[in-house]
Amino acid sequence: MMKTCISTYSFWQAFCAGRISYLEMPGKCKALGCSGIEFVVDDVAPDKTSDSEAFWTAVKEEAEKQGLETPIYTTGANFFQKDLRPEIERVKKHVDLASKLGIKLMRHDIAYGFYPGYEGVQTYEAVIEVAAPAIREVAEYAASKGVTTCSENHGRLMQDSDRMLAMFAAVDHPNYRYLCDIGNFGGVDENCAIAVSKLLPLVSHVHVKDAFWRDGMYPNPGRGWGRTRAGNYRRATILGHGDVPVKQCIQAIHDSGYRGYYSLEFEGIEDNLMAIEISMENLHRMLKEIEG
């Protein structure tokens, strides 16, 4: 049976509005039929005052009380900088925390863009040349801690399927894998189903999300909508309501032999808790139909 979880990031809108605490999130995931919860961890705890290790240890303990697994620890990273050593050491600290929490998979970003003052030709190949050795070092360190690292198609610069394939080829380390975000390819105007199919052998975790799409030739739809790299319009929405071929992508991933987690990553402007509930209803229905 395919497994589901919800990223703590999905609850961010409700958390900021005081409608749910992090210690309540595991119970909500359980009530919505999940068997896990995904942690999204910054350098500072979400309440901005607590010690990060103590904060996440408490959330992990609550998840265990609810009978939930924590399949992945997700954090940011930027491996395209003039001086990479501080960033490498910072990300290694997240590896340490993931290991302490008993989480076996950790996602980190690749790069956010070209740093101020960069004078070379701005190609993704230039980013790979700089970032790949740093990512390999983190992957090797993580292996010594019992943690596997991964990155997702995220951040515009390294979001396309072919660019991601080039990055994995350059890193070339067995402990570095792929977090497949089925919706993010739309942000760089790539067909999500085709893009997902290119990376299937590397998948270690899956983010499911949905978004509306509108042609960039038309007027700006207004608040809540963003632009793709080519200038089309996208707005994140409830899973199953948008234009991402969600079920088609999940079917391809399932047919490839993947039996890991499908993690909801809701980013829309709809009422947060209602949107998560509907998204999970739709996700569980899709999974049941695919397994059936």
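How many bridges join strand β6 to β7, and do the two run parallel or antiparallel?

1. Strand β6 (residues 176-181) runs parallel to β7, and 4 bridges join them; strands count as paired if DSSP finds at least two bridges between them. Between β6 and β7 the chain passes through helix α7 (residues 192-198), in a β-α-β crossover that is right-handed. Right-handed here means that, with the strands pointing away from the viewer, the path from the first strand over the helix to the second runs clockwise. Asp181 has His207 in β7 as its bridge partner.

2. This is a predicted model: local features need pLDDT of at least 70, side-chain atom pairs count only at pLDDT 80 or more, and totals for chains, interfaces and linings use all residues. Residues are numbered from 1 along each chain as its sequence is written, and side-chain values use heavy atoms, with hydrogens and water left out.

3. Strand β7 (residues 203-208) has 5 of its 6 residues buried, that is, under 20% relative accessible area with a 1.4 Å probe, protein chains only. Strand β11 (residues 261-264) is joined to β7 by 3 bridges and runs parallel to β7. Val206 stands opposite Tyr262 in β11. Helices (H or I, at least four residues) and strands (E, at least two) are DSSP runs, numbered from the N terminus.

4. Helices α4 (residues 85-100) and α5 (residues 124-144) pack at about 30 degrees, with axes 10 Å apart; axes are lines fitted to C-alpha atoms over the stretch in contact, and angles run from 0 to 180 degrees between N-to-C directions. The pair is therefore roughly parallel (under 35 degrees). Residues of α4 including Ile88, Val91 and Val95 meet residues of α5, among them Ala134, Val138 and Tyr141, where contact means heavy atoms within 4.5 Å.

Definitions and conventions
Buried means under 20% relative accessible area, exposed over 50%, partly exposed in between (1.4 Å probe, protein chains only). Angles under 35 degrees count as roughly parallel, over 145 as roughly antiparallel, 65 to 115 as roughly perpendicular and the rest as oblique.
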